[in-house]
Amino acid sequence: DDDEYRGAAPADEEEKGDKLSAPKQPGSSGSSSQGPRSVVVSKMHWWTSDADLENFLEEKGVRGVTKIQFQEEKSNGKSKGIATVEFNSPIAAAEAVALGDVELQGAKILISLNMEGILKQGQGQTKSERGGGGQQQSQGGGRQGGGGGGGGG
């Protein structure tokens, strides 16, 4: 009886855990825990500083900025008006994107998810999920086929 009870209790807890976690995975809540934490802010004036941008986001209710990195012209070091902003949570990044059409210092700026960050995360997950074989097999197969075709022609 004790063994049956011990076996039943964790099963019940697991079922509850599954029920709680299941809605999070398909919805945005589950993906937000593992989602992108950075955005790209573009179309800013070249003179916009990281402090200006961070203060602007905080005024709009978006908090949790951990890093801001501006893209600069190689020739003169002047800002291109584009910055990557990293947040402490994917939720904050989503809140920044949700601001939509906003103006900063008179410039209508664009806030979008950092696609480079997403692609890097996706590649890491794809390799581990697919064992790295999905894309690599295509390339390797092409090389092998090319070698055989070259020898035959």
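Let's start with helix 3 (residues 50-59), which lies across strand 1 (38-42), strand 2, strand 3, strand 4 and strand 5 (107-113). Helix 3 runs at about 135° to strand 2. Keep in mind that this is a predicted model.

- Five strands make up an open sheet, with antiparallel pairing, and their order is 2-3-1-5-4.
- Strand 2 (65-72) and strand 4 (102-104) are the edge strands, so to speak the ones that each pair on one side only.
- On average, neighbouring strands of this sheet are turned by 35° against each other, ignoring direction.
- Six bridges link strand 2 to strand 3 (residues 79-87), in the antiparallel sense.
- Valine 65 has phenylalanine 87, in strand 3, as its bridge partner.

**The nonpolar core**
- The largest nonpolar core holds 20 residues, and Leu53, Leu57, Val85 and Phe87 have the most contacts inside it.
- At least two residues of this core come from each of strand 1, helix 3, strand 2, strand 3, helix 4 (90-98), strand 4 and strand 5.
- Leaving aside residues up to four places away in sequence, leucine 53 touches Val41, Met44, Thr48, Ile68, Phe70, Ala83, Val85 and Leu104.

**A look at phenylalanine 56**
- Phenylalanine 56 sits in helix 3.
- Phenylalanine 56 counts as buried because its relative accessible area is 6%, and the cut-off for buried is under 20%.
- Not counting residues up to four places away in sequence, phenylalanine 56 touches Val102, Glu103, Leu104 and Ile109.
- Phenylalanine 56 and glutamate 103 are 47 residues apart along the chain, yet their C-alpha atoms are separated by 9.5 Å.

Conventions
Residues are numbered from 1 along each chain as its sequence is written. This is a predicted model: local features need pLDDT of at least 70, side-chain atom pairs count only at pLDDT 80 or more; totals for chains, interfaces and linings use all residues. Side-chain values use heavy atoms; hydrogens and water are left out. Two strands pair if DSSP finds at least two bridges between them. Helices (H or I, at least four residues) and strands (E, at least two) are DSSP runs, numbered from the N terminus. Axes are lines fitted to C-alpha atoms, for helices over the stretch in contact, and angles run from 0 to 180 degrees between N-to-C directions. Contact means heavy atoms within 4.5 Å. A nonpolar core is a set of buried Ala, Val, Leu, Ile, Met, Phe, Trp, Tyr and Cys residues joined through side-chain atoms within 4.5 Å. Buried means under 20% relative accessible area, exposed over 50%, partly exposed in between (1.4 Å probe, protein chains only).
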